[in-house]
Amino acid sequence: MGKNDEAWEGLFQKYGITEKVHENGQFFISANQIKQFREPRLMTKFDHSINLPSVFSDNDLAILPISRGEYVISSFSAYKTMDEADEACERVSVPAYIQSISPKFIVSEAIALNCAYSCGILSDFLDDEELIPTVNGRMGSGRFDFNITTKAGKRTVSVNNAQIEIDAAFEGVNFLSLFEAKHDFADDFIVRQLYYPYRTWKERVTKKVKSVFLTFSNGVFDLFEYNFDNPYDYNSLILVKKKKYALSTDIKLCDIQKTLNSVEVISEPEIPFPQADKMSRIINLIESLDKKPMSLQQITQKYGFDARQASYYAEAGRYLGLIERFRKDANVMYGLSPAGCHAMSLDYRERQLFFAGKILEHKVFNDVLRLCLNVGEMPNKNTIVIIMKNAILYNVGADSTFERRSSTVSGWINWILSLIDE
């Protein structure tokens with residue numbers, strides 16, 4: 001049990017929070033009360049539903065700030081499942097005269113937003129070429145009320161100068177666009193991150209306010225524009241638009257073919273054949289581990305995965321020889337292998353080809369890509385399964401397992417092909 005779990009267990013017991021919520025529909029708690037057990041800033045930031053302490057998730061509860069020093073707990077529908085990103089991708093380039101932004105060093109939300117701005121991603125997505133960066137950082141929310149769905153129906157919440165944080169705002173002639181940027185790929189997000197800034201600035205400007213969620217990793221930007229169909233309803237969030245952009249790799253088909261023909265196929269490692277369809281998530285994890293090693297629990301918390309899903313992606317990185325697993329005290333930790341460290345030292349283009357090469361060192365992926373290039377399309381699942389069965393794969397036996405893992409093969413091959421600049 002983590003420190004947050006232990007502290008919240010203590011708070012729930014001391015104040016009878018579960019019982020109070022059942023009786024009154026909600027429970028108000030102050031920062032001073034929380035501080036008796038642990039620092040409030042560590043106890044109240046749950047960006048993804050998986051981050052919620054067990055006592056919350058076990059009782060279908062969530063917490064929202066209502067002022068600088070007070071929070072409300074109820075059975076709120078506070079989170080939204082993340083929408084799937086676009087498959088189609090538009091290529092963009094950093095302007096030639098810009099020397100201080102490099103794909104290799106896009107490691108923070110601020111740099112990612114500046115890169116998206118300088119590449120024209122934001123003006124294209126927002127349909128406005130006259131964008132000016134305006135407000136960002138922490139600020140007060142002002143006063144507003146809203147309705148939110150709970151297990152008992154709609155409930156009204158009153159906010160009075162709660163702290164909000166805006167990663168960036170860009171104002172054009174017709175719109176003010178507020179951005180929430182994330183480097184990690186999670187399964188859901190807390191709507192408050194979009195709703196509180198939206199309500200705050202809706203009261204302050206006469207222009208339409210757009211709420212935009214941006215994720216970035218490995219030179220790829222996914223943008224999602226949301227609108228609150230009813231401005232006074234927290235749960236009225238609807239997706240208006242989404243689009244994927246990627247920095248130019250300057251990789252051609254001949255580069256992929258050269259990589260395919262030059263790699264030396266290795267013996268399969270004694271690691272289960274991966275069940276992790278999205279290569280982009282593995283690379284995102286590698287980027288995170290480049291900062292510091294993480295335990296499986298930390299990976300689970302960061303990405304909003306369940307523990308099994310977190311393990312799949314960490315172990316897929318091990319399968320590729322880019323991540324290592326080790327023990328530190330009582331924890332199983334994951335960090336970058338020498339090959340993973342080398343990958344992160346490379347320039348953007350070379351890094352992509354290196355990742356492709358690590359995939360193609362494995363016979364199944366090598367054979368599938370060769371077939372794909374020969375016939376001009378991705379082989380179907382049955383063909384991929386046959387290729388898998390002809391290889392000596394570790395710990396894969398049942399037909400159903402081959403079929404499930406075949407989606408990893410097609411997913412990773414599609415990722416390699418997506419590197420090609422038309």
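Biologist: In this predicted model, which residue of β19 does R325 stand opposite?

Modeller: R325 stands opposite Y334 in β19, and the strands β18 and β19 (residues 331-336) run antiparallel and are joined by six bridges.

Biologist: What makes β18 and β19 (residues 331-336) count as paired strands?

Modeller: Two strands pair if at least two bridges are found between them, and six bridges join β18 to β19, so the two strands meet that condition.

Biologist: Why are β17 (294-295) and β18 (323-328) said to stand at the edges?

Modeller: The open sheet has three strands in the order β17-β19-β18, with antiparallel pairing. β17 and β18 each have a single partner strand, so one side of each is left without a neighbour in the sheet.

Biologist: How do you know that the side chain of K210 has a polar contact with the backbone oxygen of L126?

Modeller: The limit for such a contact is 3.5 Å, and a polar atom of the K210 side chain lies 3.3 Å from the backbone oxygen of L126, so the distance falls within the limit. Not counting residues up to four places away in sequence, K210 touches L126, F175, L176, S177, L178 and E225.

How values were computed:
Residues numbered from 1 in each chain as written. Predicted model: local features only at pLDDT ≥ 70, side-chain atom pairs only at ≥ 80, totals over all residues. Heavy atoms only, no water. Polar contact = N/O pair within 3.5 Å; in protein donor to acceptor, adjacent residues only side chain to side chain. Contact = heavy atoms within 4.5 Å. Helix = DSSP H or I, 4+ residues; strand = E, 2+ residues; numbered from the N terminus.
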